[in-house]
Amino acid sequence: MDLREFRAGLDAWLDEHGPELEPRHGPDVTLDEEMAHLAKVKRLAYDAGWMRWGWPERVGGFGGSTLMRAYLGEALAFRDLIEPGVYSMTEVLAPTMIEFARPELAAEMVPRLLRGDETWCQGFSEPSTGSNLGSLACRARREGGEWRVSGQKVWTSLAQFAERCVLLTRTGTPESGNRGITALFVDMDTPGITVRPIRAMHGRDEFCEVFFDDVRVPLDRTLGEVDGGWAVAMDLLPYERSTSLWHRGAYLRQRLARLLGSAPEGALDPAELGEVVQQVFAFQARSRATQHRMARGERLGPETSIDKVMVATTEQAVYDLVAGAVPADIALGDDADGDRWRTEFLYSRAATIYGGSAEVQRNIIARRLLDLGAER
Ligand SMILES: Cc1cc2nc3c(=O)[nH]c(=O)nc-3n(C[C@H](O)[C@H](O)[C@H](O)COP(=O)(O)OP(=O)(O)OC[C@H]3O[C@@H](n4cnc5c(N)ncnc54)[C@H](O)[C@@H]3O)c2cc1C
């Protein structure tokens, strides 16, 4: 199937099934319900085949261009059937898993993620390790035929729902930096793992603290080489800054259209609106080029930091516009529409933190793309 056929077929399927896939919104909708809704959308899209296009056949996909995956998330986000942050965890974690896991493991696990039977989480950040990932401390030592993991992760999105975790551990000496890190694929129901959700200011327990107390992980759950986990992390982060951001761009356009349709007469300043529309389209133009590079098989790298800075700035500009146009919704947010604007406005503040903070992205752009000198 080519992209044109894919788009036409998917659009027809969504026209038919859209009403059945619509989520509920409002102050009474819990994260558990949102996650159950996401699983339903993925299952129906997988069973109808759409979720399988653009993924390799060796992990249950139908092959074809990765642009199909970009379009599927775009169509779901634009029709307001998914929230792109939770939907796109698949785009963040699965490509690296396919690249670095044993082929049998990837073939067993990836279809479960694509079909919505499972949720996975990303165990990178720790209480004293976010931007400076190379100094992480969660320790894995080899004992007999297995790893024994002890330590703590934090800000682990959706860990309370996750069946698996892509986990970065310290296997070298504490001073070994990014040369002594190993990536593991861990079952979250293993004894010794404790997950404590954290309530964020937008009212959702989206992320968690995760504690590992002498957790046993089979050696064949190692992703890539022992002490080669930095390569896994460097492979994954550009995915976190590519297709998932394309989906978010589609979502921002949809929300902007909604604002235009619902804001009171005269509430939007035309100049501010024009500026924000321009930002959304500029980001989409940038992200489109990234999608096409990925589809050509090019390896993504530090240049995706530009995409990340642009989408985060754009998202905050969109919701600053919302705050100016419907201030009462942001302050009170007591009906379904208002609650949604309020929740999204608050969540947009995190856009310049997750997936690598804006300052650190600008450092990457300055030092690695523009060659403006090393970190002092
Ligand atoms: C909503 C959300 C979801 C998340 N989900 C996950 C997840 O699923 N898995 C996961 O592992 N992590 C997750 N994170 C964590 C995220 O990756 C980190 O918060 C981020 O990398 C920043 O690290 P930090 O919080 O330790 O801040 P720090 O690294 O301590 O940074 C603090 C401040 O200092 C600035 N700073 C740091 N270093 C430099 C530097 N060299 N130059 C200039 N400024 C600098 C930063 O920009 C920031 O403003 C999530 C975060 C959020 C907000």
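**From paired strands to the ligand shell**

Strand β3 and strand β7 (residues 207-218) run antiparallel and are joined by ten bridges, where two strands pair if DSSP finds at least two bridges between them, and where helices (H or I, at least four residues) and strands (E, at least two) are DSSP runs numbered from the N terminus. Within this pairing, Gln152 has Phe211 of β7 as its bridge partner. Strand β6 (residues 193-198) also runs antiparallel to β7, with six bridges between them, and here Thr194 has Phe211 as its bridge partner in β7.

The model is predicted, so local features need pLDDT of at least 70 and side-chain atom pairs count only at pLDDT 80 or more, whereas totals for chains, interfaces and linings use all residues. Residues are numbered from 1 along each chain as its sequence is written, and side-chain values use heavy atoms, with hydrogens and water left out.

UniProt gives "domain: Acyl-CoA dehydrogenase/oxidase N-terminal" for residues 34-117, a span that is 64% helix and 0% strand, with its end C-alpha atoms 14 Å apart. For residues 121-215 the record lists "domain: Acyl-CoA oxidase/dehydrogenase middle", and there the chain is 0% helix and 52% strand, with end C-alpha atoms 17 Å apart. The annotation "domain: Acyl-CoA dehydrogenase/oxidase C-terminal" covers residues 271-370, which are 77% helix and 0% strand and have end C-alpha atoms 32 Å apart.

Where does the ligand lie? Domain 2 (121-227) and domain 3 (241-369) both give residues to the shell around the ligand, so the ligand lies between them; these bounds come from an automatic or database domain assignment. The shell holds 18 residues, the closest being Ser125, Ser131, Trp155, Ser357 and Glu359, and a residue is near the ligand if one of its heavy atoms lies within 4 Å of it. At least two shell residues come from each of β3 (146-157) and α13 (358-369). By residue class, the shell comprises seven nonpolar, eight polar and three charged residues.

Individual atoms complete the picture. The ligand taken alone exposes 970 Å², of which the protein buries 67%, with accessible areas from the Shrake-Rupley method with a 1.4 Å probe.

Key: Ala, Val, Leu, Ile, Met, Phe, Trp, Tyr, Cys and Pro count as nonpolar, Asp, Glu, Lys and Arg as charged, and the others, Gly among them, as polar. UniProt positions are given in the numbering used here, feature names are shortened, and annotations may be inferred rather than shown by experiment.
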